[in-house]
Amino acid sequence: MPLVPAAALALVSACGITDSGPAQAGPPAAGLPEAERPADVVHVYFSSPLGLERVSRLDRGPNSPQDALNRLPEGPDEAERARGLISFVPRNTPAPTVTGQRRGSVDVLVPRGWGSSRTALRQLVCTAADAVGTADGTRIGEVDVRVRRTPGGATDTQRCELNPGSGRGPAPPESNKGAETT
């Protein structure tokens, strides 16, 4: 009877599969791909007690300065208002219009009715600069935003002044008196 187990072992090990050596399986693992910001997100800047704060908005198209500026008159949503965010951009006015864009710069026409609010202008400048920087890789504080109050009028070149990575500006906001809290 000792031959039976040896014969069974010989049958099992003789299944017809031979050693073929190592198999090619493709290139070695390279780690996770670098995360990119989705193309359907725009950033808009609103005022907080600490300065300007960046918020994200889902958008139907790629992040362009015009798409971002179109979101400014909407103001903060309910959750953002609960966090203390407000907007100095006048309610029920058209969005600023992008009239030109090059690497590291954008031209913007401010619509009538915006008044002279310094914080509304900073919201516009940082929103436009963020979108330009996202599109072409320019750092947000190095984007030139050329602002015109009237078509063909004088241009005022501005840059977004924010603390790096904080999303908040160093300058205190204007008084909340008269601010839209949309």
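User: What is a nonpolar core, and how many residues does the largest one have here?

Analyst: A nonpolar core is a set of buried Ala, Val, Leu, Ile, Met, Phe, Trp, Tyr and Cys residues joined through side-chain atoms within 4.5 Å, where buried means under 20% relative accessible area, exposed over 50% and partly exposed in between (1.4 Å probe, protein chains only). This is a predicted model, in which local features need pLDDT of at least 70 and side-chain atom pairs count only at pLDDT 80 or more, while totals for chains, interfaces and linings use all residues. Residues are numbered from 1 along each chain as its sequence is written, and side-chain values use heavy atoms, with hydrogens and water left out. Among the residues with the most contacts inside the largest core are Leu-72, Trp-114 and Val-147, and the number of residues in this core is 28.

User: Which element supplies the largest share of this core?

Analyst: Helices (H or I, at least four residues) and strands (E, at least two) are DSSP runs, numbered from the N terminus. Strands E1 (41-48), E2 (51-58), E4 (105-109) and E5 (144-148) each supply at least two residues of the core, as does helix H4 (118-136). The largest share, eight residues, comes from H4.

User: Is Glu-53 buried or exposed?

Analyst: Glu-53 is found in strand E2, and its side chain makes a polar contact with the side chain of Arg-83 at 2.5 Å (a pair of N or O atoms within 3.5 Å; within protein, one must be able to donate a hydrogen and the other to accept it, and residues adjacent in sequence count only if both atoms are side-chain atoms). Because its relative accessibility is 14%, Glu-53 counts as buried.
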